[in-house]
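Keep the structure open while you read.

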Amino acid sequence: MPTELVTGKRSQEFVELENQYGAHTYHPLDVVIERAQGVWVYDVEGKRYLDCLAAYSAVNQGHCHPEILKTLNEQARKVTLTSRAFRNDQLGALCKELHELTGYDMALPMNSGAEAVETAVKTARKWGYKVKGIPEGKAEIIVCANNFHGRTVTTISFSTDEQYRDGFGPFTPGFKIIPFGDPQALRAAITPNTCAFLFEPIQGEAGIVIPPAGFLKQAADLCRQNRILLMADEIQSGLGRTGKLFACMHEGITPDVLIVGKALAGGFYPVSAILASKEILGVYQPGDHGSTFGGNPLGCALARAALRVLVEEKMVEHSAELGAYFLGLLKTMQSPDLKEVRGKGLWIGIELYSSARPYCEALKEEGILCKETHDKVIRIAPPLVITREEIDWAFARIRKVIEKR
């Protein structure tokens, strides 16, 4: 880590401590955050920054939302973990509220997003064998190039990013990769052994890549015609980030399996889930799948609170309105190094011709925290509670950095 960019002795001490004793699996900006509230975070020297990453959309509701914090304190005093060996008074209520919010019959809660994707893969395969009648061991799942579905051995097995795969083989078989947004390639990849099509409605880690209009609808039609599960990974794109409750709603489609996580607990706790019909999740019998922490009372209580404030405070509508405003401002920027500005809701990518890292470092010095993705894209994704005034404040600094380089 380049310590010369660190401001203050305390920050440098924390950076050096992490460098010495922590595994170097990330390349973070050298800002050491000590506390946060709403859209603002503060470093150990007390300097304030506007968070334009929102923990990769895990804090859509804003940092330390008071209602979710209240739930955390209340539930933690009662019971935090029972395991699924026993029942608790929060799990059923969360599943019911997810049903009421989304229309899906059933939910299977897990912890991290990667766990939820793994669960979706297992679900699709079991459904393929037990319901569709695919020969045992022959199930195939179609995915898209430049996807990001997690870091487990299975999820990197169908990644097209060589760094994610380097040194981690042998890989899990049973996946076909097609270009993102290409319905003809999807049609050609389908065989009688295809059990599912797994996709991100907007590819986040790839650089906020939006598919051609109509692709999701065409994909849904192909899956229905061929009795294939349409599985949408909405871990980053869901829960208001794109100006709809889920990004699939922009094309009016309802996936067979919906994968959610990150903002599902407002950044207080890792909670994820897959949502589906009884026919699909009904393939499971006791003992087929499980998780010690999945569906725990603390996580479920927090998820219920996070969903409640998302709806009651109209954060989805807020994202649509202010996202369009922010995108409109950013599209006015002019620079020979600026290739494109694109996005939906409060999920915006600024694509450059050169490396985005120096821009992110310069923005940090201006009091804005964001992160590069795929080297040349700056991802802008603030908490959904951001105000118009805060967007104006941020835009002035973003324009200054982009246009002067």
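How do the residues of the lining of the largest pocket divide into nonpolar, polar and charged? There are 17 nonpolar, 14 polar and ten charged ones. Here Ala, Val, Leu, Ile, Met, Phe, Trp, Tyr, Cys and Pro count as nonpolar, Asp, Glu, Lys and Arg as charged, and the others, Gly among them, as polar.

Before going on, note that this is a predicted model, where local features need pLDDT of at least 70, side-chain atom pairs count only at pLDDT 80 or more, and totals for chains, interfaces and linings use all residues. Residues are numbered from 1 along each chain as its sequence is written, and side-chain values use heavy atoms, with hydrogens and water left out.

Back to that pocket (on a 1 Å grid over the protein atoms alone, an open set of points with protein on both sides within 12 Å along at least five of seven lines; a cavity is a set where a 1.4 Å probe fits but cannot get out; lining residues have an atom within 4 Å of a point). The largest pocket's volume is about 1,300 Å³, counted as the space filled by probe spheres set on the points, with grid points joined across faces, edges and corners. Tyr-26, Phe-148, Arg-151, Tyr-164 and Glu-205 lie nearest its centre. Among the elements that each supply at least two lining residues are helix 5 (113–132) and strand 14 (371–373); helices (H or I, at least four residues) and strands (E, at least two) are DSSP runs, numbered from the N terminus.

The second largest pocket holds about 710 Å³ of space. It is lined by 26 residues, with Arg-84, Leu-91, Ala-107, Leu-108 and Pro-109 closest to its centre. Helix 4 (91–102) and strand 4 (106–110) each give at least two residues to this lining.

Strand 4 turns up again at the largest cavity, along with helix 11: each gives two or more residues to the lining.

Now follow helix 11 (residues 297–312) to helix 3 (residues 66–78): the two pack at an angle of about 160 degrees, with axes 9 Å apart. Axes are lines fitted to C-alpha atoms, for helices over the stretch in contact, and angles run from 0 to 180 degrees between N-to-C directions. Helix 3 and helix 11 are therefore roughly antiparallel (the term for angles over 145 degrees).

Note on methods:
Angles under 35 degrees count as roughly parallel, over 145 as roughly antiparallel, 65 to 115 as roughly perpendicular and the rest as oblique.
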